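Here is a briefing on one model. Have the sequence and the 3D view open.

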Amino acid sequence: MSDLLIEILTEELPARFVDNAQAQLVEHVTTHLDESFIGHGHVRGFSTPRRLVVLVQNVKEQTDARTTEVKGPARASSYDAQGNPTLALLGFCRGQGVDPATTYAVDVAGKSYVYARKTVAEQKSSELVEAFLPRLPHEVTFPKMMHWEESGFQFARPIRGLLALLGAEVLHWEVAGVQSSNTTFGLRVGKPKPITVTSPEDYMRRLREAFVIVDPAERRRLIEKQADKLLKPLGFKLGDNMGDLLDEVVNLVEYPSVFLGDLPKIATELPESVVRSVLQQQMHSFLVYSQNQNVVPHFLSVRNGLTDFIDIVQRGNESVANARLLDAAFFIQEDMREPLEAYVGRLDTLIFMDKLGTMATKTLRLERLAACATMYASVTREEEATLVTAAHLSKADLATSMVKEYTSLQGEIGGVYLSRAGGSPNIVSAIREQYMPRSPSEDIPATRLGRLLGVIDKVDTLTGILGTGFNPSGSEDPYGLRRAGNGIVRTIVESRESVDLETLVKKAVEGYQATGSLPHPEDLQQRVLDYLKGRITQYFKEKQLTREYAPLENLPLVELGSVPERMQALADVRTVSTSVVSAYAVLADSHRRIQNITKGLPAVTSLPADLLLTDPEELVLRQSAQAAAPRILQFLAVREYSEAIRTCEELAVPVTAFFDRILVMATDERVRSARLLLLCYLKYILGLVCDYSKLT
Amino acid sequence: MNFEEMVSKLEHFWEDEGCTRLFPYDQEVGAGTLSPYTFLRVLGRKPWKAVYVQPSRRPADGRYGENPNRLYMHHQLQVIVKPPTTDIQDTYLRSLYLLGLKPAEHDIRFVEDNWETPVLGAAGVGWEVWLDGMEVTQFTYFQQAGGQEVPVVAVEITYGLERLAMFVQEKKNVYELEWHEGVTYGDLRQQVERENSIYSFEQADIEALVTMFDLCEKESQRMIDKRLITPAYEYLLKCSHTFNVLDARGTVGVSQRLAYLARVRRLAYGCANLYLENENHE
């Protein structure tokens, strides 16, 4: 047994592709080995910006001999009337090298086929591996591919070397004009010199000597260790949530050397968000913090290479940081010659989205939505007025030089400019928070107005995109539809805010009709709501709360913000329930029966006084229901969900008695309809709390 | 090393690598890619290797000669290698050696950056090259030009000469660069920068430029119809620059902007198609 090592050497792969490509390669190599019946041990992937590597341990020299069943022609066409083998059968047997007499019949989906059992001899693993190697690079896909040589082969970046060793044996393969060899290359320092490798272990050793750490996990540990060594003695640390940036940096270097640079003076005059953006996004460097979370005048960066001459690299990076921050300071100074309001007037030069007009019309729509906030959110008139001002200014920063240069600072810059000009803190924070949460790991807006502005903005975006006729199926999210949808759901659920999404979406559709036409306005409100419902279901699924959410799924959308509390209440009530047959189990059964019997009939919110009910059980049920309803409503209004559920449970006994004694489908039509109406009323009351039939 | 020495070293380096050394195209362009030495020659199957300096005008980037980094016109050194050699990255790194920039003493990285010029229907995949954090070169494998997949890929290497010179000469302000012994970049360019910024931000006659655009577009289309690629393309370049001035002047609305770009693109496709038809007839 020996180890198998495969390396695809490339020009620098985009950092964001590397992890995924490594995983794909591992998966494909494993599949090929298994499908070729090659016995093997652990399959591990490695990668750097310039290479994708797979190491398979304990690969057997050859496969075991084995028997295999091969499907032949249908039995019906295998023998003629005299029972002699036909040409079809003889041909099959010749192809497989078996005697027709040894074949046998097997039924497959009701039809009989001829099968042959044949023996496959041992095969050399090296030959089998060589057979699948050339296919490997074709099987790895990237979000963006390119071609570079005459065959038109596609990969993320050009392949410049191929290497495969099974123990000491060099395997031969060719892809896109590149021939495999027993050489590779180390870190780009000095003239490139080929490194000859003699075995998989030798590969790891020689590459390390050539300053390449092929294991990304090890590079990550090295970066963390070196950073710690530099920062700890000074009492400093990196910021929180640096994981994504670290992941990226790990895949930008083959051999990491961490250094600490001095932040230029200008940094102290700039908002932290701007400095962070310049350092992290443009320079892949880290801001450094003191123990009490203040930015200190250093930054941490990772060089691709050794520590030799690292002072030169450090000075270079410091001067780039200086130039970029000066540039930012220049933009801010230029931008602030005019108030934020002035930039609102320039939004007609910026496209919101293809077919959806400009940012100026988007702003108008947001103002309109803000101006009727009392219709869909529990806000005061004063809050509504502030929201309108915030909406009016919300997109203004998109026209500033600063945001044009640093797009990720949208919102942030508007907030900074307004705050420096002495704007109201409420509006400043709303503008700053409107795009939150930008990612699944980011928090939702901290302020009420920020949440509302964010939800309005995202609903408008969602409505617009679906109104262009875009079909949101598939895994791609080119217009940020899913992000907008998830942002709305998270904001409402996590803040427990009460927002009437149905009204809001209706108003959003009207907004588009008022500011221009949409290519596909048909059923738009419904399509937006359906999309949002899909996101809600997905949200709870990702939280592994699908079962808990099921009984609450049919609540009106305005109740979305109350779902977590309702879930909690349902769980609480069930755990304290002590009776042998718990009330909720009874109600679950009754609710299901009510739903079946009243299928197609609407729930009713009250009962007429002269309803033709005479039997004691139905009279008791009516009385209990009418007594419970106002109390349930009261509890719901003050968000006392446990109390509402308990009140509902009072109906368990009378409803059971009703179903035990009363035949709903009475022959007398007036009696029947009275009883159905009573059940429609119960459907309404139970539905206020949850869908008991989905409680499990 | 002064600016002119640096340029001449790079030019001769690529000349030795088999590139034809050309002079800058004698028209206003926004980037070296717009020169017919790149845009037309990357089309079709014919091999092509060239190196040339191309002054590139971006009116909207003008800063009245006051900003240490931004310019109305900067200089690019453009290298085209079609088809690319397999060691093209190493060749590029060797060119940096000539400027005293050794990988062992710096941090030279190829950081993903894909490039697109919608106005030419051109797109490529590649990197920006970082030198100790500073972006000094754009390195691109052409994938599309004139709206079509290229049958033979060309590599385009665009050195930002001012950036590189600032690094080599350790200057923080572009106007302090030494162009020739005793002659600074500022001596040569600062007044020009100021004047051109005033022109494109304040003085350009909008109506006249709109008319000029229309006339140049018509002339370009007329030449496409006559199958004369060079004059057609030269009038396209005039359209493109005229539009850039109008854009800097801040008078072009969004939908107008898209319409202008679409008009230039139509001419570019027209020229590209003619060029390919000619090549196929040969």
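Predicted model: local features only at pLDDT ≥ 70, side-chain atom pairs only at ≥ 80, totals over all residues.

Residues count from 1 along each chain as its sequence is written, while chains are lettered from A and ligands numbered from 1 in the order written.

**Chain B overall**
- Chain B has 8 helices and 11 strands (DSSP runs, H or I of at least four residues and E of at least two, numbered from the N terminus).
- The radius of gyration of chain B, taken over C-alpha atoms, is 19 Å, close to the 19 Å from the globule rule for 282 residues, so chain B is as compact as a globular protein of that length. The rule is 2.2 Å times the number of residues to the power 0.38.
- Buried residues are 47% of the 282 in chain B (20 or more other C-beta atoms within 10 Å of the residue's own, placed from the backbone).

**Strands in chain A**
- β1(A), residues 2-10, runs antiparallel to β3(A), residues 51-59, with 7 bridges (pairing needs at least two DSSP bridges). Glu7(A) stands opposite Val53(A) there.
- β1(A) also pairs antiparallel with β7(A), residues 159-166, over 7 bridges. Leu9(A) has Gly161(A) as its bridge partner in β7(A).

**Helices in chain A**
- The axes of α13(A), residues 381-394, and α17(A), residues 448-467, come within 10 Å and cross at roughly 55° (lines fitted to C-alpha atoms over the stretch in contact, angles from 0 to 180 degrees between N-to-C directions).

Technical notes: Buried ≥ 20, exposed ≤ 12 C-beta atoms within 10 Å, placed from the backbone.
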